[in-house]
Amino acid sequence: MCGIFGCVLNDGNAAPIIHAALKKLEYRGYDSVGEATLHNGELCIKKDQGKIDEVHKIHNLDDLPGNLGVGHTRWATHGAPLEVNAHPHVDCSGGIAVVHNGIIENFVELKLELENHGHVFKSKTDTEVIPHLIEETLKANPSLSLTDAVLETVRKLDGSYAIAVISTKEPDKIVCARYESPLVIGVNENAVYCASDIPAFLPLTNRAVIIEDGELVVLSPEGFEIRKIADSSVVVREPKLIDWTPQMAVKQGYPHFMLKEIHEQPACLRNTLRLQEHYLDLMATFLDRAREVFLVACGTSYHACLAASYMFSKLAFLATYPVIASEFVEQHGKSVNIDSTILTVSQSGETADTLASVNCARERAATVLGLTNAIGSTLTRVSRVYIGQQSGPEIGVAATKTFTSQLSVMAQVALRLAKKRGKVSQDEMDFLAEKLDKLPDTVEAIIQTQEEKAKQIAKKYKDAKTFFFLGRGISSATAYEGRLKLMEIAYVPSIAFPAGESKHGPISLVEQGFPVVFICPKDGTRRTLIGNIMEMKARGASIIAVVEEGDEEIKKLADEYMEVPKGIPEVLSPIPYVVPLQLLAYYMAIEKGHNPDTPRNLAKSVTVK
Ligand code: M6R
């Protein structure tokens, strides 16, 4: 996730306005920053790695000349957070500058084609193909307008994008386009703005136009014109008045970052489906070669590892050992060796316990693989291969969207490994790949239909003293994650364990009205799970079930239920089944009057052991 901004002013300097807008977008990414303006027919650029304030201190982002320009604050996806990879990116002539938020899936093919035509690339980004493609289009047809050249260019792009393009060819315009990355326009009497998000221009205007997927917009001193990318036809849309306070604006109208991030999951899952296949394959190859594989992480990332161990076992017949990072050195530090591989999972890539495990593994010559949301983090620097999970910055202390993205990446790696090892048929592969592709829509549907239900259940159980979270098989990982969410933000002591363990001790806690959350996908564990539900009911427990739509048998046993669409394969089930639990935890925290974004005693990134 990155932030883009652009403005065409009737008069005055664009640079300080771009700088201020980028500060408002900093929550979208902050590993590098850049600006480009047009002045006297020349493109002027400043960019560097580092946070906006750091870069401003060195380069002064306010003194670029010109009344028109674009800016970018970056969250690295392709290419490390270095000056050369910072936006704007330019063509060979240095006359076209582009800022981009999104992922161009076919950039490798496009880059090769452009290199064959003599284009020289400077960065490792996917974005850089865009200015070169525009340049190539104009070279082939010099009479084209900048707008038509951008139209032709974006028609060749696969993936997601919100772009803003400026060029010395038409120095009074910004051409923007959108597909699956947000883009909004702001207007007032003195200027027109484009941005990834409304807060960027909210101090300047509250009149905004939301740009839809497949649309292009031209900003000029005359205002803005929207066209459809498919057929260039003009779209008429009037600005809307935005009545958000600046506080609400940063959260896009949501009361908390956590709720915003829960709602972002469909978009994040779509992004994880755009990962470069090469890295997924590489990771699968390393796992295939390993004599023993440890999956090492803390907290929510550990729960992703736990679920992944079922995926690797069930799909690829590979035994892996999920280990809580703070125990790794004690438990395996002496035995880990050159034949061991540790797949380390960390949203931040900076968790001290996780990095300590990595250090131990490296000292003993084991192979370290990484999965993280922070490109440029320590984990990316010490891993033999790493995958960036593309979730965008997560501000809420409770991990939500990063968990479901981690699971999606792991499922993709497990599928590739299964294929490599010949453990799944082509039909099975196709079936699972199709189900994985549909998960963003499934999660969207769950959020739409179950949020109200979660709210009601939270209201009813807000005074409960303790909760159980139970599942069997891969759903025990979902249970652990549901329990962690409820404990960390609603401060409700909760216990999770594989449901089969109840009668080995914990069931002694159960008495009339004791709430027990059961995760009940229709998989091979269903019959025994129903037995576990019966055991709890017999002792007076209140059953809250997360069930498949239409599962009347479990619905009848449950006091409350939240539903998930039908037909989710077992190995993918933690992704949709955790969503009602995230919502339940969120609304429990609200009911109890706690701020879910900043739970007491916790930090987003735990950099001490
Ligand atoms: O950045 P990491 O994924 O390494 O963080 C691990 C845990 O600290 C983190 O998941 C923590 O448990 C969250 N508060 C869970 O919501």
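**Cysteines, ligand and overall form**

Visitor: Does Cys-268 count as buried or exposed?

Guide: This is a predicted model, in which local features need pLDDT of at least 70, side-chain atom pairs count only at pLDDT 80 or more, and totals for chains, interfaces and linings use all residues. Residues are numbered from 1 along each chain as its sequence is written, and side-chain values use heavy atoms, leaving out hydrogens and water. Buried means under 20% relative accessible area, exposed over 50%, and partly exposed in between (1.4 Å probe, protein chains only). With a relative accessibility of 5%, Cys-268 counts as buried.

Visitor: How many disulfides does the structure hold?

Guide: Cys-194 is buried, at a relative accessible area of 0%. The closest cysteine sulfur to that of Cys-194 is in Cys-176, and 3.6 Å is too far for a bond. The number of disulfides in the structure is 0.

Visitor: Which residues come nearest to the ligand?

Guide: A residue is near a molecule if one of its heavy atoms lies within 4 Å of it. There are 14 residues around the ligand. By class, this shell has 5 nonpolar, 7 polar and 2 charged residues. Those that come nearest are Ser-301, Ser-346, Ser-348, Thr-351 and Glu-488.

Visitor: How much of the ligand's accessible area does the protein cover?

Guide: An N or O atom in the side chain of Thr-351 is 2.5 Å from an oxygen atom of the ligand, and for Ser-348 the distance is 2.7 Å. A polar side-chain atom of Lys-485 lies 3.0 Å from a ligand oxygen. On its own the ligand has 410 Å² of accessible area (Shrake-Rupley method, 1.4 Å probe), and the share that the protein covers is 91%.

Visitor: Which elements give two or more residues to the shell around the ligand?

Guide: Helices (H or I, at least four residues) and strands (E, at least two) are DSSP runs, numbered from the N terminus. The chain has 19 helices and 25 strands. Two or more shell residues come from each of helix H10 (299-316) and helix H16 (475-490).

Visitor: What are the spans of the C-alpha trace along its principal axes?

Guide: Of the 609 residues of the chain, 61% count as buried. Along its principal axes, the C-alpha trace spans about 80 × 55 × 45 Å.

Terms used. Disulfide = S-S within 2.5 Å. Polar contact = N/O pair within 3.5 Å; in protein donor to acceptor, adjacent residues only side chain to side chain. Nonpolar A, V, L, I, M, F, W, Y, C, P; charged D, E, K, R; others polar.
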